[in-house]
Amino acid sequence: MKKRYIFSCLVAGATFMASCTKNFEAINTDPNKTTGNLINPNYFLSQSQITFSQTGYDQLLFQSEWMQSLASTFSYYYNGDKYVFGGAGSGYFSYPWNRTYSALTLIVEMQALIKDKPEYTNLNACATILRVMEVQRLTDLYGDVPYSEAGLAKSGNFTPKYDAQQAIYADMLAQLDAATAALDASKVGPTADLFYKGDVSKWKRLGYSMMLKLGMRLVKVDPATAKTYAEKAFAGGTMSSIADDAKVMADPANATSSNSDVMRTPDDFREVRWGKTLIDYMKSKNDPRIPAIAEIAIGNGLAANQNQTAGDNTASLQQGMPNGYTISSIVNAPGYPGATPAASATDAPAPLGKYSRPRFQVYADRGSANYIYTYGESELLLAEAASRGWNTGVAATHFANALTADMKTLAGYNATPIATVSDAAIATYVAANPLNPATALQQINLEYWVTTSATFNYNETFANWRRSGFPVLTPVVFPGQYITGQVPRRMPYPTSQLQQNGANYNAAVQRQGADNFATRVWWDK
């Protein structure tokens, strides 16, 4: 009886196991599981766009102050202002690397999903253009970076090789050429596009404008290639108005404008000021953008200075703060305007109260734009190409177009225009500042510095300064600097790379040069 019971149990168990095995896949598959066939690949594009556009601390802690567009006495900002490692801010050296590769990985994943699917031809081409934008930022900042093997961790490649920048640029130009040519305005465009809401014709102009930008990066190291692609971009059709500006309007509910979050932080708002180098130059030109972007705090004392309300934007009152000073030593700075006195017995003086800050209503608006590339920038690059004698139109016309566009672009910073410049003021400024062939390169690239500073696009400010040499900057002198006697020319690799991808990191350093702030990237000769 006992044996019969055991046998019965074994048969029942075997039957149970067989039935489980037979239907194992169906029974154990989550009906809500997402697969490649269920995902709308368009959303990868928009997620990559917003991720890529969210620059903030990395630009404001380093490039903005290296370029003397902004200045600060706050220890958090010592990294860029004084070329020293300053507190928690030092941790942001890896920010552009991590954020941009996060955006890049989304594009790699999306393109794998839509491979060989003709209905996504335009989406694929737009993704390639965006990927080039992302890679260019990386390689311009660091030099040699993972490119051909980037974003492949899903397939098991956790230690991608670093490609040489020269090879990266050659491939980016080829990829951009093919993708831009493949765009077809008669077919459906991206359906979750934060740049242009699926307008393929605008993407085509962006593609050619990116071709222009990549080409112009090479003017010092490969002028023949620069000329070829600048002329090809112009013939293809670059951006035609500020409606073509590549930007992402942030979502106030989700605080997706990282610039605004930086400016809303009390310490940052209290300590960040427009740089003396920038404001002095703009005042020397009677630039009508000054009241659109700058203000001083209203009222005396520290409390008034820290109050995040609109200040006085009268142009004549604006004064930029010199780089290289602390909150204690700023009183010894040449032209120090004096502190605003304490407003009460419980208040304190405000040492920075009379220096100009970025307008709170413009730059601290959580719904403001994250600018990536503007029509004005592309017109300046065309003006430079034409000034070099290349077939890209009339240099003076492009320059005038750029001045007008750069001022009108500011109105697009916010959903309700705040940083506005009147048409009359623009016309007066353009008429007073025609392009002079004898000083064309200087004029063009100083304007590039001003416009990318005003749109907080400091990655581009930094890259174009290295490419052009303008503005001519005097390096900051301060104790304990990570670079002395010169302005930084490169961002070092994240320290994590040495531990996580050591062999490829070492190969890149051996090929490129020491992993420091002085080593120049390939095109910066």
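The model is predicted, so local features need pLDDT of at least 70 and side-chain atom pairs count only at pLDDT 80 or more, while totals for chains, interfaces and linings use all residues. Residues are numbered from 1 along each chain as its sequence is written, and side-chain values use heavy atoms, leaving out hydrogens and water.

**Helix H17 and its two partners**

Helices (H or I, at least four residues) and strands (E, at least two) are DSSP runs, numbered from the N terminus. Two packed helices are described by the angle between their axes and the distance between the axes. Here the axes are lines fitted to C-alpha atoms, for helices over the stretch in contact, and angles run from 0 to 180 degrees between N-to-C directions.

| Pair | Angle | Axis distance |
|---|---|---|
| H17 (residues 375–387) and H20 (residues 440–454) | about 170° | 10 Å |
| H9 (residues 200–217) and H17 | roughly 50° | within 10 Å |

Angles under 35 degrees count as roughly parallel, over 145 as roughly antiparallel, 65 to 115 as roughly perpendicular and the rest as oblique. H17 and H20 are therefore roughly antiparallel, whereas H9 and H17 are oblique to each other.

A crossing is left-handed if the near helix is turned anticlockwise from the far one by less than a right angle, and right-handed if clockwise. H17 passes H20 in a left-handed crossing, and H9 passes H17 in a left-handed crossing too.

Contact means heavy atoms within 4.5 Å. Toward H20, the H17 residues in contact include Leu-380, Leu-381 and Ala-383, and among those they meet in H20 are Leu-441, Ile-444 and Tyr-448. The residues of this contact of H17 with H20 divide into seven nonpolar, four polar and three charged. Ala, Val, Leu, Ile, Met, Phe, Trp, Tyr, Cys and Pro count as nonpolar, Asp, Glu, Lys and Arg as charged, and the others, Gly among them, as polar.

On the H9 side, Ser-209, Leu-212, Lys-213 and Met-216 meet H17 residues including Glu-377, Leu-381 and Glu-384. By class, the contact of H9 with H17 has five nonpolar, two polar and three charged residues.

**A strand pair and a buried glutamine**

Buried means under 20% relative accessible area, exposed over 50%, partly exposed in between (1.4 Å probe, protein chains only). Five of the five residues of strand E8 (residues 369–373) are buried, so E8 is largely enclosed by the rest of the structure. Strand E4 (residues 246–249) pairs with E8 in the antiparallel sense over four bridges; pairing takes at least two DSSP bridges. Ala-369 in E8 is the bridge partner of Met-249.

Finally, Gln-497 lies in helix H22 (residues 496–500) and counts as buried at 8% relative accessibility. Not counting residues up to four places away in sequence, Gln-497 touches Trp-97, Tyr-162, Gly-502 and Tyr-505.
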